[in-house]
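Work through these exercises with the model open. Try each task before reading its solution.

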Amino acid sequence: MKILNKIKNFLLFNIFYKVLDPIYIFLDKRHIRRSKNLQMIPAAFLRRGGAYSYAEWSYIIGILHTIIENNLINKSNLKILDVGCGGGLVLNAVNEFVGKNGSYTGIDVMKSEIDFCKKHYPKKFNFVHVETKNNYYSPNQEKNIAWKFSNDSFDIVTALSVWTHLNEVDSKFYINEVSRVLKINGKAFISFFSLDNDYENFLKKDLNLKSNFHNQTRLQYVYNERAYDSNNWFYPSWTKVPERAIAVNHTALKDMFEKSNLRIIKHYKGTWKEVPGVFFQDIFVLEKIL
Ligand SMILES: C[S@@+](CC[C@H](N)C(=O)[O-])C[C@H]1O[C@@H](n2cnc3c(N)ncnc32)[C@H](O)[C@@H]1O
């Protein structure tokens, strides 16, 4: 029975889905009337990063676009840095804010992602491979290499589902880099798993149940191990490599943001801890202050 199920799943997801999806999205894109930014979404065999389904890519792109739009004063010709760009999902959400005179630069530790993005997206967008080590994504690279961007050079920094893969040392190093490259009053949009009061309430629920908001069990999101003996960075016991899923507590966020002159403008609560919200992870909107 198990073997039959495996064959069925293989056929459904690796054959039918991957063959039908490019045909479907080719046809579907001809019917997109009012959301030009969805035209660049890659086909299933090329989609990667935190989301896989075409519907989910579109949904996340819409959410991010709205969050960013709602928190900007100037909305065009912006210089945007996308940290951990993966397969370029965020680019589809911010494309409109680049305009004619702005720029988009995506950086990632995975060379394969950068090579894919360079091939798939128009040449006016920049993609740069960084040699930094991440124990989950790039275990064979060096450690904590500073970004090759000037101080005060970006209007916006985005990072979707990236700090959720950074240990304490890397998180702090990278937050300082965000602050360094942002212009004064520039904004950062960064997602986290934030261990706050909602998380404490979540732990009191029946954790063996499936989530009301996503397709995994609640147990998947219990952060009960200290990441490399950190007091404020945690990971779940189902993984051996902490960087596969990292959450931080209030002290971690407060310390990082205060020390790097980033002020929290807004916190969108993540549905991962069973509270209603706009996105699965917590999204923090930060502003660089003097
Ligand atoms: C879950 S994926 C998210 C990708 C993309 N932001 C998205 O939402 O589809 C995490 C990405 O962060 C990248 N990453 C991990 N550590 C990084 C680091 N230190 N610097 C830059 N990118 C990193 C990974 O290679 C991976 O592409």
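**Exercise 1.** Find the residue of β9 that stands opposite Leu 195.

*Solution.* The model is predicted. Next, take the strands as a pair. β6 and β9 (residues 247–249) run in the parallel sense, joined over two bridges. Last, see what lies on the sheet. Helix α7 (residues 250–259) packs there and touches β6, β8 (233–235) and β9. The direction of α7 makes about 80° with that of β9.

**Exercise 2.** State the strand order of the open sheet and name its edge strands.

*Solution.* Strands of a sheet pair through backbone hydrogen bonds, either parallel or antiparallel. Here four strands line up as β6-β9-β8-β7, and the pairing is mixed. Now look for strands that pair on one side only: these are β6 (194–195) and β7 (225–226), the edges.

**Exercise 3.** Classify the packing of α2 and α3, then describe their contact.

*Solution.* Two packed helices are described by the angle between their axes and the distance between the axes.

1. Take the geometry. Helix α2 (residues 54–70) meets helix α3 (residues 89–98) at about 40°, with the axes 8 Å apart.
2. Classify. Angles under 35 degrees count as roughly parallel, and 65 to 115 as roughly perpendicular. Therefore α2 is oblique to α3.
3. Assign the hand. The crossing of α2 and α3 is right-handed.
4. List the contact. α2 supplies Trp 57, Ile 60, Ile 61, Leu 64, His 65 and Ile 68. α3 supplies Leu 89, Val 90, Asn 92, Ala 93, Val 94 and Phe 97.
5. Sort the contact residues of α2 and α3: ten are nonpolar, two polar and none charged.

How values were computed: Residues numbered from 1 in each chain as written. Predicted model: local features only at pLDDT ≥ 70, side-chain atom pairs only at ≥ 80, totals over all residues. Axes fitted to C-alpha atoms, helices over the stretch in contact; angles between N-to-C directions. Parallel < 35°, antiparallel > 145°, perpendicular 65-115°, else oblique. Left-handed = near helix turned anticlockwise from the far one by under 90°. Contact = placed C-beta atoms within 7 Å. Nonpolar A, V, L, I, M, F, W, Y, C, P; charged D, E, K, R; others polar. Pairing = 2+ DSSP bridges.
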